[in-house]
Amino acid sequence: MRSLWLPGPLVVPANPSRRAVLRGAGGVALALPFLESLAPRARADGGDGRYAVFVRQANGVTQADDGEPDSFWPQATGVLTASGLAAQTDRVLSELSVWAPKMLALKGIKFNFESSGCGHSGGGNQCLTAAQVSSDPSGAESLAMGESIDNFIARHFPDHNGGEPLTLYTGPRNDYIEEVLSYRGPLDLRAAEDDPWNAYKRMVGLPDFTPDPLLDKRRVAVNDVLREQLDALRASPKLSSSDVRRLDTHLEAVREFERLTCELAQDELQMMMLASGQGTLNENRVTFAKWHMDLIALAFACDFARAATLQIGDGNDATEFTINGQLLPSFHFISHRIYSDGAEGEAIEGAYEMHNAIDRLFAGMFDHLLSRLDEHGVLDRSVAVWCNDLGNGPSHSYDDVPFILVGEAGGALNTGYFHDFGGVTNNKLFNSIATAVGVTAEDGGPVTTFGDPSLEPGLIDELMA
Amino acid sequence: MRLFYALLLLGVGCDGGRAGKDAPSEGRDSEDEAAALPSSPRVYRLTHDQWERATQDLLGLPEPSGLSSGFIGDTLSEGFENNGDALLVSSELFRDYQLAAETLAGMVVNDVALYKAVVPQDPRENVIPDEWRWEVESDTSASYDNGGVDGVGWMLWSDGTLSVPVELTRAGTYTYTARVFSSDCGDGVYADVELAVDGAVVHSFVATADYADTAVEVSLSAGSHTLGVSFTNDCYDEGSGRDRNLTIDWLNLYGPIDGLGDTSAGEAEARAWIIDLVGRAYRRPLSDEEITAWLAVFDQGAELVGSGDAFRDGVQLVLITVLQSPSFLYRIERSTTPDAAGVIPLDDYELASKLSFALWGTMPDAWLFDLAAKGELSDPETLREVARAMLTDARAQPAVADFHAQLLALDQTVNISKDAERFPLFSSSLPGWMREEAERFVDAVIFEDEGGVQELLSADFTVANRTLAQLYGVAGPADDDTWARVALNPAERAGLLTQGWFLAGNADSTTPSPIHRGVFVNKQILCYAIPEPPPNVTPLPASEEGVTNRDRVEAHTGEGTCGEVCHGTLINPPGFAFEGYDAIGAFRTTDNGAPVDASGTFTLGAEQVSWTTGVQFVGLVAAHAQSHRCYATHWLEYLLARPATDADEDRLDPVVTASLGGASIQDLIVELVASESFRARADEVSP
C-alpha cells in the first residue's frame, strides 16, 4: 500500500459562513481572503536551494522494547530497495517503500543527556538540539540549553524568510508541554504556529490579501522608524538582562521579509480558512498536519524558507486518533499500554497493535510530505526527517530514537540504506544534515560542532556521499 | 500559567520549600526594613488579550477587531501569562503586528464614522466617501431571476437580472463596480452584461473568463435606489453541454466621490491629532522631539500611501507605524532616577498604565490619564482609592477571572473525562459546567460578597446548576441552564477545593488521584515547592478487591518506601484528605468496599495539624497564614507581571496579616497596588 493517508472528518464551526469569517467580532469587515489569481503556481525553475524539514512524532515507535518485538525497522541493515522494503509488510517502514532508494533509516541514534524529571520534555528538548536539558526550569517545563538544527540551518540563509525556520505545530493548547522542538538558543524556545491559515497569511504578508504597489516601500520606511525607536529604547539605562535579550530579539525581527508569491489551490485555502482555529481538535490532527506539510512543500518549492519543523501532537501526544473507523484511546495512554498518563491504570488490550497502527499513520503523513516535495520538484534537493523524541513507548528510552531521512539534499547524502550505528549521539546526525544542505563551518569546512560542546564532534561518515 | 503534575514522586531531598516563612513578622515596619526590591523588567510586552483591548480602546472600535486571534502564541513560561520576562516579539509576531497595524489603519481611513471618531481634528466634511460592499452569495436583500448561489458567487444561468436595493444618505457622484466572470458555450463568446441603476442601463460590457472588475461613475440622489446586473445573451450547446453563464462575485457602490482630495487640513490639525492619538498610544505625553518625529512620519504619508489625500494618508501612515511602535507594544517603565530610599519610583503615567493593564487588562481611560496628568497617582493613599474604584468597575471582572483561571488551571477542565457507566452524571457538558462553577463562585465571593481568602477556601455555598447540585447532593436549580447559589452540606463540602474542577480534574476516569490532588494543594494553594519525580519510577500496583485507593498508594509511596520523603509527609497527606470524594467529585464514605480514611497529619508552616475529614483539612488550610501568603504571592505576580522572589517575602507581611484578620480579596489587591513593590522598581545597572 502506497500510503495510509486517512483524511478523517474535518471539523469546522457549525454553519460556517464566509461572511462570519470575513468579519471581526464587531461585524467590521476585515479582509477579502482570496488572492486575485486563481491558479496555484509554484516556482519550478530548477533552483539550487537545499532544504531540511523535520516532522516529529511523540511517544516512541513499536521497536523492540521490554519484551515487545520490533515491528518498525527493516529486517536487516544494508541497502534498501523498494521491492525489498515493500515485501516486509510486518514492518512500519514498508509503508515508505517507494522512497527506499532515497531513504536513510537510522537506528542507533541516541540523546545523550538525562531529562530533569520528565522524559517527554527532556526528549523534546534534545530531539533537534543535541543540547543538555535545563535543571531550572525542570521536569515538564524543562528547556533545551542550545539552539535547534532547523534554526541553525535557517539563519545561515538570511535571505530566506529572514533567516528563520518555519515552526509549525498541530496539537492541543492545554498549558502542558506544548511545542518542544525549535530553539533560537539556550532556554529560548520558538513559539510554533498551530494554524495553517495563520501561517499562510503570515507568509503571503498582504493586509487583506490586496496587492499594493507602495507596500514594500512603505514598510521599509516604517521599519526605519521602528528600528530608530527600538535602538533608542535599547540604549536606555538600567534595563534588566531580560529586557536586553527581548529587545534584541525584537530588533532582529524588524526586517523586510520576502513575501510568498506562489499560492495553494483555492479550495484548500478556503478549507484552511473555514477550519481556522479548530486545529486543537483531535479530529483535525491529521488534516492540519497535511495542510502544514503542503505549506512547507510550497515554501521550499518557492525558495521562501530553507528549514522547517512540524510537531504533530503535544509534548506527550494525547491525540485520540481514528484509524480504520476505530477511535483509539489517547496515544499517550497507548504508549504506556494502560489507560493512564501515569504509571497506574487498567491495561489497554491490543495497545501494541494500536501503537503500530499509529506509527503507520505517521508513516502515511510523512509520505504525504514526501509526495508534495516530489511533486514540486524539490525532494531531491531536500532532506525530510521523520523523528521522534523517544525511542519507544513503555520505557521512554533515549536510545535508538528513530530518525528516518528521505532525500539526497542535492546529492550530498548517500541514500538507500538502513544503518544501525549502535549508539551515536544525535549531534553528529545534525552536523551531517547541516553540511548536506550547504551550511559550512566558519573555516569553510563541514559543520562538526553543532550541539552540546561536551559531545564528540564530527559527521557520520556513512551518511555523506 | 503552568501547573506541573508529578506522576509519582519517589525522590529524595523533598523539603517542600518550607524554609520560607508562613506567618507575618511581628513588631517592625516592613517597608523600612524590607529587603531590596528584586530586579524586574522595564519593558513588558502586552499580552495578546491586552493588545486586543488596547487597540479597541485606542481607536474606539465598537468591538474587538479579533485580529490577535491570528497572532503566534507565546510559549509556556513560569508564573502567569503576563510574565514580562517571557513575552517577546519574534519575527512571526513582528509580521503579525505589521499586518494587524496595516489592517486596522486601513479600516480607520476607509470607514467614515470610524475615521471621524479617530481623527476629530480633521475639519473636512467629505474626507472619506461612504462605502458599501455587498457580497452576493450571503446577502438576502438581493433578488434575481434565472439565477442562484453556486458557492463562488451569484450565477445567472439564463438571461436575467440581479437586483440589489441600496439606501444612500447623501447625493453625489458614486463609483459603481461589479466583479464578474463568464463561461462560454463552446463558441468563445462570453456574457453580455448590463449595469443598471433603477432600471436604467448605465454601462454595457462583455465579461471575460476570469474575474474582472468593471466600474462606472453614476450621479445619484439621496434615498433608495436599485442596482442591477443583467445577462442578455444566454447560450447552451446541447451537443457539448457547454453553457454560457454569468457569475457575479460582488457589487460595490463607492462615494460620494465629489470633493475628494481636499487638502485644506494642515499641520496644526496634524499636530493636534498626533499629540492626542500617539500620546494615548504611548500612554503618556509626548516630548517636543517626539511630536516633531511623528509629524515627519505624517508628512511621508502622501508619498507612501499615495491616495491623493495627503492628510488622510498621513493619518494612515502614523497609525500603521504607531501600532507597531515599541512604546505602544510594550508597557515601559521609563523612570530611572532613584529616590532617597534607593528605589526608582514610577511616575504617574507609568502607574496609570500599570494599574490599568493589571486590573482592567487594557490601556488607561480618560479618567486615569486625567489623574496621572494631575500628578495624583504617586500618592499611595490616592492609589488605594483609585484601585478600589477600579475594582468596583465591571472592567475588573475579566482580570480577576483571568487570574483565577490561570491559578486554578481551569483551561485543563476540558480534559476531564469519566467512565460514563460508572458515573452516569458525567456528560460532555460537565467539564464546562465545572469550570463555570469555579468562575461564578470566585465572582460571587470577590465581587458580590467582598469576601476574603478564608471564604474562597471554605465558603458554605457554591454556585451550581442542576447537575452540579445533584453531584454535591444538595438542592439546586431546576435545570442546567440556571445557575444559583446553593448551600453546601457543611459536613461534606466547603470552598473551592471541594468543587468538581479540582476533584474530578485530579482523578483518572475511575479513580481519584491523591498524588495529583496533593501536588496541586502544595504548589498552588500553599506555594510549597515539589521536586520533579525521578526518571523511571516504578508503577503503582493494580487495584485489588478490598484494598482502598489510599492503602494502595500509601503502600507504594508512603512510610517505609523510597518515596517516603516526598510522598509520606508532603504529597500524600493533603491528597488523602480528599479521599472522601470519588473520581467525579461525589462524596463517598466507602472505597472498594472499605471505609474511606481521609485523616492525616501535615506540617503547615511551623505547626503540625491533624484532621479526620476533608472539610476539616480545608478549614485548617483556609485559616492558616500559609494559604493567605500563597494567594497574595500569586496576586503579586499577576499584578507585577513577574515571578515573586524571596525579596518579596517580607513586603507581603502586612497584606497577609490583614487577610488573616478578615480583609477582603479586594482589600488584598488594593494593598498590593499601594505597596512599594507596585509603585517602584529596583535601581539596577544594565548588564
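User: Which domains does the domain assignment of chain B give, and how far apart do their C-alpha centres lie?

Analyst: In this predicted model, the assignment for chain B gives domain 1 (47-71 + 81-127 + 265-330) and domain 2 (130-255). Between the C-alpha centres of domain 1 and domain 2 of chain B the distance is 37 Å.

User: Into which domains is chain A divided, and how far apart are the C-alpha centres?

Analyst: Chain A is split into domain 1 (51-200 + 266-463) and domain 2 (206-256). The C-alpha centres of domain 1 and domain 2 of chain A are separated by 33 Å.

User: What share of the residues in chain A is buried, and what share of the contacts in chain A between residues at least 6 apart in sequence joins residues at least 24 apart?

Analyst: Chain A has a secondary structure of 12 helices and 12 strands. Of its 465 residues, buried ones make up 56%. Among contacts in chain A between residues at least 6 apart in sequence, the share that joins residues at least 24 apart is 70%.

User: What pLDDT does chain B average, and where is the pLDDT of chain B below 50?

Analyst: In chain B, 88% of the residues score at least 70, and the average pLDDT is 88. One stretch with pLDDT below 50 has 63 contacts beyond near neighbours in sequence, and this stretch is residues 1-20 of chain B. Another stretch stays under 50 and has 12 contacts beyond four places in sequence: residues 24-33 of chain B.

User: Which helix of chain B gives the most residues to the side that touches chain A?

Analyst: The interface has 68 residues of chain B in contact with 69 residues of chain A. Helix 3 (91-109), strand 2 (130-135), helix 6 (288-304), helix 7 (310-322) and helix 8 (326-329) of chain B each supply at least two residues to that side of chain B. With 10 residues, the element of chain B that gives the most is helix 3.

User: Is Glu333(B) buried or exposed, and which residues does Glu333(B) touch?

Analyst: Glu333(B) sits in the loop between strand 15 (330-332) and strand 16 (343-345) of chain B. With 23 other C-beta atoms within 10 Å, Glu333(B) is buried, because the cut-off for a buried residue is 20 or more. Not counting residues up to four places away in sequence, Glu333(B) touches Arg42(B), Leu346(B), Glu350(B) and Arg681(B).

User: How far apart in space are Glu333(B) and Lys354(B)?

Analyst: Lys354(B) is one of the buried residues of helix 9 of chain B. In sequence, Glu333(B) and Lys354(B) are 21 residues apart. From C-alpha to C-alpha, their separation in space is 9.0 Å.

User: How many residues of helix 9 of chain B are buried, and what do its end C-alpha atoms span?

Analyst: Helix 9 of chain B is largely enclosed by the rest of the structure, because 12 of its 12 residues are buried. At 1.5 Å a residue, helix 9 (residues 348-359) should span 16 Å, which agrees with the distance between its end C-alpha atoms, 16 Å.

User: Which residue just after helix 9 of chain B takes a positive phi?

Analyst: The phi in question is about 70 degrees. Just after helix 9 of chain B, the residue that takes it is Gly361(B).

User: Why do the buried residues of helix 18 of chain B line one face?

Analyst: The buried residues of helix 18 (residues 549-557) of chain B are Asn549(B), Arg550(B), Arg552(B), Val553(B), His556(B) and Thr557(B). Seen down the axis of helix 18, these residues line one face because they fall within an arc of 165 degrees.

User: What phi does Cys527(B) have, and what phi does Ala641(B) have?

Analyst: Most residues other than glycine have a negative phi. Cys527(B), in the loop between helix 17 (514-525) and helix 18 of chain B, is buried, as is Ala641(B), in the loop between helix 21 (625-640) and helix 22 (653-660). Both have positive values: Cys527(B) near 60 degrees, and Ala641(B) about 55 degrees.

Notes
Residues are numbered from 1 along each chain as its sequence is written. Chains are lettered from A and ligands numbered from 1 in the order in which they are written. This is a predicted model: local features need pLDDT of at least 70, side-chain atom pairs count only at pLDDT 80 or more; totals for chains, interfaces and linings use all residues. Two residues are in contact if their C-beta atoms, placed from the backbone, lie within 7 Å. Helices (H or I, at least four residues) and strands (E, at least two) are DSSP runs, numbered from the N terminus. The arc is that of the directions from the helix axis to the C-beta atoms. Domain bounds come from an automatic or database domain assignment. pLDDT is the predictor's confidence in each residue, from 0 to 100. The expected span of a helix is 1.5 Å times one less than its number of residues.
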